[in-house]
Amino acid sequence: MDADLRERILSNGDVLFDIEMTTYLSYEPTPQEIEAIEIPCAVTAGADNRDESVPGHWRYEAAQWLAAHRDVPVVELPGGHMPYLGQPHAFAQELQQLHHSLGK
């Protein structure tokens, strides 16, 4: 990682964890709230996390739970967590196709 970017990220740690993530991590919608969402949406998961033996599998499981409550399939995207960093072109292509399939 570029030294300047690394320093900027580390310098913003307090903002990220004390301000931004606090609200995000404390939000726990009920299954009923999730089921009541009326806009078209898709639930995605990284294909690399499908395997139960990988450390990120819990993300795939969370996507399965959410998809079940939305009554939609899990749409697999290339990579694992944050694929836009490791596989940006493949991720963008798949995301664009998904966007079109939702009728946008």
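N49 sits in the loop between strand 1 and helix 4. Helices (H or I, at least four residues) and strands (E, at least two) are DSSP runs, numbered from the N terminus. This is a predicted model: local features need pLDDT of at least 70, side-chain atom pairs count only at pLDDT 80 or more, and totals for chains, interfaces and linings use all residues. Residues are numbered from 1 along each chain as its sequence is written, and side-chain values use heavy atoms, with hydrogens and water left out.

Is N49 buried or exposed? N49 is buried, because its relative accessible area is 8%. The classes are buried under 20% relative accessible area, exposed over 50%, and partly exposed in between (1.4 Å probe, protein chains only). Leaving aside residues up to four places away in sequence, N49 touches V54, G56, H57, R59, Y60, G79, G80 and H81. Contact here means heavy atoms within 4.5 Å.

## The largest nonpolar core

Five residues make up the largest nonpolar core: V43, A45, Y60, A63 and A67. Helix 4 gives the most, with three residues. A nonpolar core is a set of buried Ala, Val, Leu, Ile, Met, Phe, Trp, Tyr and Cys residues joined through side-chain atoms within 4.5 Å.

Not counting residues up to four places away in sequence, V43 touches A63, L66, A67, R70, V72, P73, V74 and V75.

## The largest pocket

The largest pocket holds about 1100 Å³ of space. Its lining has 30 residues, with Y24, T44, R59, A62 and L66 nearest the centre. Two or more lining residues come from each of helix 2 (13-26), strand 1 (43-46), helix 4 (57-70), helix 5 (83-86) and helix 6. Helix 4 gives the largest share, eight residues. By class, the lining has 22 nonpolar, five polar and three charged residues.

On a 1 Å grid over the protein atoms alone, a pocket is an open set of points where a 1.4 Å probe fits, with protein on both sides within 12 Å along at least five of seven lines; lining residues have an atom within 4 Å of a point. A volume is the space filled by probe spheres set on the points. Ala, Val, Leu, Ile, Met, Phe, Trp, Tyr, Cys and Pro count as nonpolar, Asp, Glu, Lys and Arg as charged, and the others, Gly among them, as polar.

## The second pocket and M82

The second largest pocket holds about 160 Å³. M1, L16, M82, Y84 and L85 line this pocket. Its lining has five nonpolar residues, no polar and no charged.

M82 lies in the loop between strand 2 and helix 5. At 36% relative accessibility, M82 is partly exposed. Its phi is positive, near 60°, in a residue other than glycine.

## D71

D71 is in the loop between helix 4 and strand 2 (74-77). D71 counts as exposed because its relative accessibility is 72%. Phi of D71 is also positive, near 55°. Most residues other than glycine have a negative phi.

## Helix 6

Helix 6 (residues 88-101) has 14 residues. From first C-alpha to last, helix 6 reaches 20 Å, close to the 20 Å expected at 1.5 Å a residue. The expected span is 1.5 Å times one less than the number of residues. G103 follows helix 6 and has a positive phi, near 80°.

L95 is found in helix 6. At 37% relative accessibility, L95 is partly exposed. L95 and E76 are 19 residues apart in sequence and 9.9 Å apart in space, C-alpha to C-alpha.
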